[in-house]
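The following note sets out points on the strand arrangement and on the packing around it. Please read it alongside the sequence and the model.

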Amino acid sequence: MSIPTTMIFINRYSPATVKPALLRAAIGATCCLAGSVGLLLILNLLIPDKPFLVGFVSIPPISFVVAFPLLFALQLQKAELETLRSRMSHATRHDPATNALTGTAFAAAMQNYSDRRRKIATDTGGIMIAVVIETLDAISRRYGPQWADTVMQSLADIIKSSVRSGDLVARLASNELGIFLPGATPENAQDIGARIRRRVSLAAFETEEAPLDLKIKLGGALFEGPEDFNRIRQLADEMAFDSATEDGEPITIARLPAA
């Protein structure tokens, strides 16, 4: 059974929205009508013996006066809606503190990458790096959660500036960031990990009281085909927690075993 169009309209728009819109539309239509009649009267006074010419000459300006504001308003509204939709999409897919992808969006992006690559029969694997901040909880307890968010934001910016074009960065937990390196080799991952550690060591993480004790651990999971995201992340986390925190130490990267 089909639902009447009137019912769909009523359910979609509330009376509080419809009434002002109807009023504005009625006022606009009345103004256009008055302007059209006024123009016709003026032209009839100027050219009283040629009514056909009056009608022919009046059509273009009347059409322009009526159509241009309407179309212009519609285009402005369409642009505003597109901007709002884009902002909402960005907000749902990105962590507000770091502007990195959320875990859900990160997992979906990795899956979409594998699906696209599989369709063209090319390599669908890559490396995921887990970046765990060991001391974030201590920073939050001592200086407040705002400092923890500031540290995560700064670290995310460092990571984004250290990865390759096309690599993905996400916030996976309160103290963990994830990096997806599509089609990367272990050497690529080691270079990126060394770059991140070096830039973190050079960055100034400090409050008004004292420098922050920032310690990070990195671990990676290498996979060669479509895999479950949770398995990849679990292996990367294990490698990160088992790794050393000293600068210059290579990232521990493990190959994901076949399911």
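1. The sheet is open and has six strands, ordered E1-E3-E4-E2-E5-E6, with mixed pairing. Its edge strands, E1 (101–102) and E6 (252–255), each pair on one side only. Strands (E, at least two residues) and helices (H or I, at least four) are DSSP runs numbered from the N terminus; two strands pair if DSSP finds at least two bridges between them.

2. On the basis of the note: this is a predicted model, in which local features need pLDDT of at least 70 and side-chain atom pairs count only at pLDDT 80 or more, while totals for chains, interfaces and linings use all residues. Residues are numbered from 1 along each chain as its sequence is written, and side-chain values use heavy atoms, with hydrogens and water left out.

3. Strand E2 (residues 126–133) has antiparallel partners in E4 (residues 176–182), through seven bridges, and in E5 (residues 216–223), through eight bridges. Towards E4, Gly126 stands opposite Pro182 and Val132 opposite Glu176. Towards E5, Met128 stands opposite Ala221.

4. Eight of the eight residues of E2 are buried, that is, under 20% relative accessible area, against over 50% for exposed and in between for partly exposed (1.4 Å probe, protein chains only). In a regular strand, side chains alternate between the two faces of the sheet. In E2 both faces are covered: Gly126, Met128, Ala130 and Val132 are buried on one side, and Ile127, Ile129, Val131 and Ile133 on the other.

5. Helix H6 (145–162) lies across E2, E3 (168–173), E4 and E5, at about 15 degrees to E4. Helix H7 (186–202) also packs on the sheet, where it touches E2, E4, E5 and E6, and its direction makes about 165 degrees with that of E5. Axes are lines fitted to C-alpha atoms, for helices over the stretch in contact, and angles run from 0 to 180 degrees between N-to-C directions.

6. The largest nonpolar core has 32 residues, of which Ile129, Val131, Ile159 and Ile216 touch the most other members. Such a core is a set of buried Ala, Val, Leu, Ile, Met, Phe, Trp, Tyr and Cys residues joined through side-chain atoms within 4.5 Å. Two or more residues each come from E2, H5 (136–143), H6, E4, H7 and E5; H6 gives the largest share, seven residues.

7. Leaving aside neighbours within four places in sequence, Ile159 is in contact (heavy atoms within 4.5 Å) with Val131, Val169, Leu177, Ile179 and Ile196. Another core, of 21 residues, lies apart from the largest one; among its members are Leu101, Met128, Met239 and Ala254.
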